[in-house]
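Work through the exercises below with the structure open. Each task is followed by a solution in steps.

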Amino acid sequence: MASVEIKEDLYWVGAVDWEIRDFHGYSTKKGTTYNAFLAMDEKVALFDTVKKPFRSDLLHNIRGVTDPAKIDYLIINHVEMDHSGCLPEVIELVKPEKIFCSAMGKKAMLDHFHREDWPYEVVKSGDTIHLGKRSVQFLETRMLHWPDNMFSYIPEDRLLISSDAFGQHWATSERFDDEVDGSELFMHAAKYYANILLLYSALIQKLLKNVQEMGIALDMIAPDHGLIWRSQPQKILEAYGHWSRQETKPKALIIYDTMWRSTETMAKAILDGLVQEGISCQLLDLEGTHRSDIMTEALDAKALIFGSATLNNGMLPRMADMLNYMRGLRPANRIGAVFGSYGWSGEAVKQMNAVLEEAKFRIVGPGISVRYVPTHEDLRKCVDLGREIGKAVRETE
Ligand code: FEO
């Protein structure tokens, strides 16, 4: 992908990764992009770089605009390797006068690249540098999602370069939000939030408040992944408001793994009970549904119900993986319940309940365990559990 002028004398010079399918356990079924931006001014500045294997894409795009040797400043908003992997080679080529970064960014670069001799220039929230006709204001965004993250805001262009925040893992030939299907774009943005940022929701609330109080005027939000928000940047800010407040809908997910279909039969009976109470419900089999897609659905689901057969005195492996993943992301204010079949010991239900207790779910019932194959009476109890969960969901509306 060639460079794209996103504002006058300001270019996207990143790379599109069409092939990546897994990003630390997050399924990137449609790839991703590593966005980098080049500001042509009295001082030429490059904002972030790209993942190491995409170094030549970055340099090709920069060369389409200017000689890389003419870059004066590197502005490193985030040191994770998908944005800094090719930094040593870029620095070797560019020989920048200054590398602007947060204090934690400098520490992270030293820990990654072990180069004391690079020309670091530490900046903090509120600091401004001048490139010529435009300036860059910095806003540290610690733990969103690494300690080093920061935003760069260019007031003359009303442009916020937002590092990982507001991103999406989606490889496209288009660069702007108004060039793609809006519902697919928001699905990718929601998946990104649910799987990367949900854990930091309280910090995002504070950040959104700070941005509002600073009165930042915005034409465009340019994240380091995916499409640039230019048609209605306010819409993604509002979505982050909803997601970070962990606002949910009267919706239930029944997430299960089964051995000989007994747990699946129970899942369907619980669904019947939820439907009887008018709750929108999805049955998600872990055999065919990726953990990161489940978290995307869980972002606005009030009730999360887990079912697993017992294997080797514990949960089935895919359920253990799912709960461990979800526990790390910390969905809050949820209603939960558990169920499953067993042969002779039945620990899975107890173990799943323990995870939900630790996650501070409001748990409905003690959980339903069924030996081997559910009877008609067992399934009636499952329907009743579904109805009880449905009532609890409706009470919260
Ligand atoms: Fe896209 Fe935290 O790196």
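**Exercise 1. The domain interface**

Between domain 1 and domain 2 an area of about 1100 Å² is buried, and carbon and sulfur atoms give 59% of it. The model is a predicted one.

Task: Find which three residues supply 45% of the area that domain 1 buries against domain 2, and which element gives the most to that side of domain 1.

Solution. 

Step 1. Take the three residues. N195, L198 and L199 supply 45% of the area that domain 1 buries against domain 2, more than any other three residues.

Step 2. Domain 1 covers 4–244 and domain 2 covers 252–396. In the contact, 14 residues come from domain 1 and 12 residues from domain 2. The centres of the two domains, taken over C-alpha atoms, are 38 Å apart.

Step 3. List the polar links. Seven residue pairs are in polar contact across the interface of domain 1 and domain 2, both residues of each pair being at pLDDT 80 or more. The count of salt bridges between the two domains is two. For the pair D293 and K191, which forms a salt bridge, the closest N and O atoms are 2.8 Å apart.

Step 4. Assign the elements. On the side of domain 1 that touches domain 2, β5 (26–27) and α5 (182–197) are the elements that give two or more residues. Of the elements on that side, α5 gives the most, with seven residues.

**Exercise 2. The sheet of seven strands**

Task: Give the strand order of the open sheet of seven strands and say which strands stand at its edges.

Solution. 

Step 1. Read off the order, which is β1-β2-β7-β8-β9-β10-β11, with mixed pairing.

Step 2. Find the edges. β1 and β11 (120–122) each have a single partner strand, so one side of each is left without a neighbour in the sheet. On average, neighbouring strands of this sheet are turned by 25° against each other, direction ignored.

Step 3. Look at one pairing. β1 and strand β2 (residues 10–12) run antiparallel and are joined by three bridges. K7 has L10 as its bridge partner in β2.

Step 4. Follow the side chain of K7. K7 forms a salt bridge with D219, with 3.1 Å between the closest N and O atoms. K7 lies in strand β1 (residues 4–7) and D219 in the loop between α6 (201–214) and β16, so the pair ties together parts that are 212 residues apart in sequence. The structure holds 31 salt bridges.

Terms used. Residues numbered from 1 in each chain as written. Predicted model: local features only at pLDDT ≥ 70, side-chain atom pairs only at ≥ 80, totals over all residues. Heavy atoms only, no water. Domains from an automatic or database assignment. Contact = heavy atoms within 4.5 Å. Buried area = accessible area lost by both parts, 1.4 Å probe. Salt bridge = Lys/Arg side-chain N within 4 Å of Asp/Glu carboxyl O. Polar contact = N/O pair within 3.5 Å; in protein donor to acceptor, adjacent residues only side chain to side chain. Helix = DSSP H or I, 4+ residues; strand = E, 2+ residues; numbered from the N terminus. Pairing = 2+ DSSP bridges. Axes fitted to C-alpha atoms, helices over the stretch in contact; angles between N-to-C directions.
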